[in-house]
Amino acid sequence: MDMEYTFWQMRHLCTSPKVVYQQTKYHKQTKNQWARDDPAFTVICGILLAVAVSSFCAAYGHSVAQAIFTVASVVILHFLLAGISLATICWFLSNHYLREEIAAHTHVVEQRVEWYGTGSLPRIGQSFQLYAFDVHCNSYFPLFVILYVLQYFLSPLLLAHGFVPTLLSNMLYFVALSYYHYLNFLGYDVLPFLERTIFFLYPIGILVILFPLSLLAGFNPCRFAMNLYFE
């Protein structure tokens, strides 16, 4: 596993994500596949997520059993299973509704968003990753930094009662979720055989509508999330 390249990607996903997807284009040119052929990013992201959730459990949890359950549910359900579900939905929409139409009687090779990383069937000892799931992992990492690392250090303020903690909590979640969808858009926009990829930015419009409504309702997403896991 290429740790140095993985941490390079993680850093640039938070600062200049377009650079990462320029590298994805180069990867396609050199290895003839869009998906990664190294599982390091997914593995490291899962480990960092487990460590961050363990920190929350140490600060707000009530028992070791609860901590184990919370860590397992976040890593397995939220990161992996929810990520696979979202990636599958995006993969389906991309291949069925967003691909460029190829005129009849042309010699252009039809392209699709990859399901397996390379080849038609997996071989023993070779790593295969879905490009759609790669996009989810890329999008998830900055969200992890905001909602698991930054939120942890700001939680004493965010969990307080009053308008300011509610405002800051909503802003934190708005930025994290919006950035997730922006990176999701970049991941599909880099594919030359897709069109109308602006579709992946539409959820940000929904978040813009929900943001003032959440403030008017006095909803604090940070307090809601903490109560969900530790109450």
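This is a predicted model: local features need pLDDT of at least 70, side-chain atom pairs count only at pLDDT 80 or more; totals for chains, interfaces and linings use all residues.
Both Tyr188 and Phe200 are buried.

**The Tyr188–Phe200 pair**

Tyr188 belongs to helix H6, while Phe200 is in the loop between H6 and helix H7 (202-217). The two residues are 12 apart in the chain, and the pair links distant parts of it.

Is Thr166 buried or exposed? Its relative accessibility is 7%, so Thr166 counts as buried. Leaving aside residues up to four places away in sequence, Thr166 touches Leu215, Gly218, Phe219 and Asn220.

**H3 against H5**

Now for a pair of helices. H3 (residues 40-60) and H5 (residues 131-158) pack at an angle of about 20°, and their axes are 10 Å apart. Angles under 35 degrees count as roughly parallel, so H3 and H5 are roughly parallel to each other. Their crossing is left-handed.

Who makes the contact? From H3, the residues include Phe41, Cys45, Leu48, Leu49, Ala52, Val53 and Phe56. H5 brings, among them, Phe133, Cys137, Phe141, Phe144, Leu147 and Tyr148. Sorted by class, the contact of H3 with H5 has 18 nonpolar residues, five polar ones and no charged ones.

**Aromatic pairs**

How many aromatic pairs turn up in a search of the whole structure? The search finds 19. One of them is Phe41 with Phe141, an edge-to-face pair. Phe41 lies in helix H3 and Phe141 in helix H5, so this pair ties together parts that are 100 residues apart in sequence. Phe41 is buried, with a relative accessible area of 1%, and Phe141 is buried as well, at 8%.

Here are the two ring pairs described above, side by side:

| Pair | Centre to centre | Angle between planes | Arrangement |
|---|---|---|---|
| Phe41 and Phe141 | 6.4 Å | 70° | edge-to-face |

Ring pairs link Phe56, Tyr60, Tyr152, Phe153, Tyr229 and Phe230 into it.

Definitions and conventions:
Residues are numbered from 1 along each chain as its sequence is written. Side-chain values use heavy atoms; hydrogens and water are left out. Axes are lines fitted to C-alpha atoms, for helices over the stretch in contact, and angles run from 0 to 180 degrees between N-to-C directions. Helices (H or I, at least four residues) and strands (E, at least two) are DSSP runs, numbered from the N terminus. Angles under 35 degrees count as roughly parallel, over 145 as roughly antiparallel, 65 to 115 as roughly perpendicular and the rest as oblique. A crossing is left-handed if the near helix is turned anticlockwise from the far one by less than a right angle, and right-handed if clockwise. Contact means heavy atoms within 4.5 Å. Ala, Val, Leu, Ile, Met, Phe, Trp, Tyr, Cys and Pro count as nonpolar, Asp, Glu, Lys and Arg as charged, and the others, Gly among them, as polar. Buried means under 20% relative accessible area, exposed over 50%, partly exposed in between (1.4 Å probe, protein chains only). Rings of Phe, Tyr and Trp (its six-membered ring) pair if their centres lie within 6.5 Å; planes under 30 degrees apart count as stacked, over 60 as edge-to-face and the rest as tilted.
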